[in-house]
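This briefing treats the ligand sites and the aromatic pairs of one structure in turn. Please keep the sequence and the model at hand while reading.

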Amino acid sequence: MPEPDAELLSLRNRVNDLDQRIVALIAERFRVVVDVAREKAASDATIRDSERERQVLAAVEHVARTQGAPVNLVRRIYRDLLAESVSRQVSSRSGVQREVALRVAVRGEHSFGFLAAQKYLSARDVDGELVVTPSYQAAVDALKAGEVDLAVLPIENTAAGSVDETYDLLRENEVSIVGEETSSVDYCLCGVSDLPLGAISQVLAAVDGLEQCSRFLQTLPNASQILHFDTGAAMRLVQAGGDATHVAIGAAEAAAAHGLVVLRRGIANHAENYTRFVVLARHPVAVELSAPCKTSLILIARHEHGALMRSLGVLAASGHSMTKLESRPRPGRPFEYMFFIDFEGNIADPRTADALDDLRSTALHLKVLGSYPATSTRGDAQPGDATPLIPPADTDVPESIAPPRPATKASKNYRLAGRGARSDDTVIPVGNLLIGGAGFLVMAGPCSVESADQINATARAVREAGAQILRGGVFKPRTSPYAFQGLGWEGLELLAAAGRATGMPIISEVMAVDQVRRMAELVDVLQVGTRNMQNFDLLRELGKVDRPILLKRGLSSTIDEWLGAAEYILAIGNQQVMLCERGIRTFETSTRNTLDLCAIPVLRELTHLPVIVDPSHGTGHRAYVAPMAKAARAAGAHGLLIEVHPDPDKALSDAEQSLSFPEFLSLMRSLQTVAPVS
Ligand code: PEP
Ligand code: MN
């Protein structure tokens, strides 16, 4: 290498000197910020002061303009500085452990996610080991398996929009959002040494780089594009390959780490390119009340006119501003949507907890993904002031979208299940049917699925007689361990096939926590049997799935205990619960149980949830099923659950109470003559 001339040397020395002064000033700024934080903590002031941040940004932009510095660059640097100050203050107040090294999963070495994870850790002064995974799914799997403590995934990019895969992973997996990191994504063209663009023969990059820089790449006349698994691998190849006409795409930091020089900056399709990443952990974190905080959730709106607006109205009315609303298709329900909502609020704040309760009763399903320190504002994610999607907190919310709150008899065992939380009846969609409200329907089928022939014949017969939902037990809670225990998963396949063949949704009993997810994929309604009404772990797990639940009354449970059990499911998030009266234990022995028909009007008064009656288990005798079914309809039930078998006397379970096909047909006919007594 030739000796640099004296003039160049002296210029470089001046640059070195300036760099030292810049870094020394940044260090001094952070020392002052520590004092500011101490003052704020002493007066319990909130950490984030958006007005002050705006003033700081405006002031430095003004200086940049008058001094001839690039305004965009200065704004970017200052946004990072401010975000770093806030996160340092948050972690110093919430006492984040600094001494432990965290393992953090990211997709791809030296990807922007990799850099965001580094930034997240350094802002908290935490040592970390980054674990590179081949996909976002693999990062979440490593998290769930306990191989890493955190996973950092991109959630939205200002140019490319939302990252659908991350949203789907959040829906499908039990993980919590515990942080966010917004990074400016400045794609650079990097090589071993400077060369004219026309001389470039190969561009090596990961898939996002090729996609997000597609326009620039089209302007390279002689370059072929080579896809690499990650930026790190692409850069290593360029460095080791010894061909100066091969270049890579990635962050300037990645180039520096691989000894490459930046040939061209800002080559992404859009100049202001930001990505917001979410930091995931296995469990939620508690965030200091004084820290700026966001909460993310997944909401499925009810099937009612204006339901989504009512939900958003709850947030507006309680003074929570929404920072993001994103819709995704609802799996298994074509042309229905679920909504991902971010808003400024903290679950630990009673005001937010109350708003979430109200939100639950406006929704069919609500999953809280977590509350976490906010490091981005709307301005960060989308430069320029976004128009608010909902009325600001201080505008009056019209009556029609305010949550209903009539007074009613209250019990401390339940809130969401009570009429106080919701005066309108809950209506639950199952396939094309609606359960609850003014509707009435019949679910029928064998106590147990016994064979393909048995379930197919029964499905056809009950369908023809007018039943709308097919029942069939495959996991049977039998009093004796020697009695028929059900066909298990194979039986469920038979039930599902019979349902498909006759066009009926299916219902079947779930007995254990570890059956819930798999069963929810296969059945339309999950039944909780009488013996499991207070299996609280099971109820909590059912609160997490997006499937209607039929909760049978415990055989010696009071209505208050029963509604308390329903509340377990509602409180976790699933609002699609119907109650099924199936008889209780009394001193009476002439029937198997005592069917408590009085529970119907009591429930209709106390709760908005649909009420179903099962006269088969309620009586235990074939002959009494029809009269009790008619009485249940007359008393205001929303539906019936009836056991039917092709050859009742040979049924492997509950033979005495099962109806034959002709008996069921005659019951269905006689039901038509009954009108609810209002
Ligand atoms: C059933 O429906 O087959 C059943 C077992 O019901 P229960 O839980 O009401 O006894
Ligand atoms: Mn039964």
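Is Tyr 187 buried or exposed? With a relative accessible area of 6%, Tyr 187 is buried (buried means under 20% relative accessible area, exposed over 50%, and partly exposed in between, with a 1.4 Å probe and protein chains only).

The model is predicted: local features need pLDDT of at least 70, side-chain atom pairs count only at pLDDT 80 or more, and totals for chains, interfaces and linings use all residues. Residues are numbered from 1 along each chain as its sequence is written, chains are lettered from A and ligands numbered from 1 in the order in which they are written, and side-chain values use heavy atoms, with hydrogens and water left out.

**Ligand 1**
- The residues around ligand 1 (those with a heavy atom within 4 Å of it) include Cys 447, Arg 471, Gln 527, Arg 531, Lys 552, His 617 and Glu 643.
- By class, this shell has one nonpolar, four polar and seven charged residues (Ala, Val, Leu, Ile, Met, Phe, Trp, Tyr, Cys and Pro count as nonpolar, Asp, Glu, Lys and Arg as charged, and the others, Gly among them, as polar).
- Polar side-chain atoms lie 2.9 Å from a ligand 1 oxygen atom in Gln 527, 3.1 Å in Arg 531 and 2.8 Å in Lys 552.
- The protein covers 97% of the 290 Å² of accessible area that ligand 1 has on its own (Shrake-Rupley method, 1.4 Å probe).

**Manganese ion (ligand 2)**
- Cys 447 (SG), His 617 (NE2), Glu 643 (OE) and Asp 654 (OD) coordinate the manganese ion at 2.1 to 2.4 Å (donors are N, O and S atoms within 2.8 Å of the metal, or 3.2 Å for Na, K and Ca; water is not among the atoms, so sites may look incomplete).
- His 617 belongs to helix H20 (residues 615-619) and Glu 643 to strand E25 (residues 639-643), so the pair ties together parts 26 residues apart in sequence (helices, H or I, of at least four residues and strands, E, of at least two are DSSP runs, numbered from the N terminus).
- His 617 counts as buried at 8% relative accessibility, and Glu 643 counts as buried at 1%.

**Aromatic pairs**
- The count comes to four aromatic pairs (rings of Phe, Tyr and Trp, the last by its six-membered ring, with centres within 6.5 Å; planes under 30 degrees apart are stacked, over 60 edge-to-face and the rest tilted).
- Phe 112 and Tyr 187 have ring centres 4.7 Å apart and planes at 75°, so the pair is edge-to-face.
- Phe 112 counts as buried at 13% relative accessibility.
- Phe 536 and Tyr 568 have ring centres 4.4 Å apart and planes at 25°, so the pair is stacked.

Note on methods. Polar contact = N/O pair within 3.5 Å; in protein donor to acceptor, adjacent residues only side chain to side chain.
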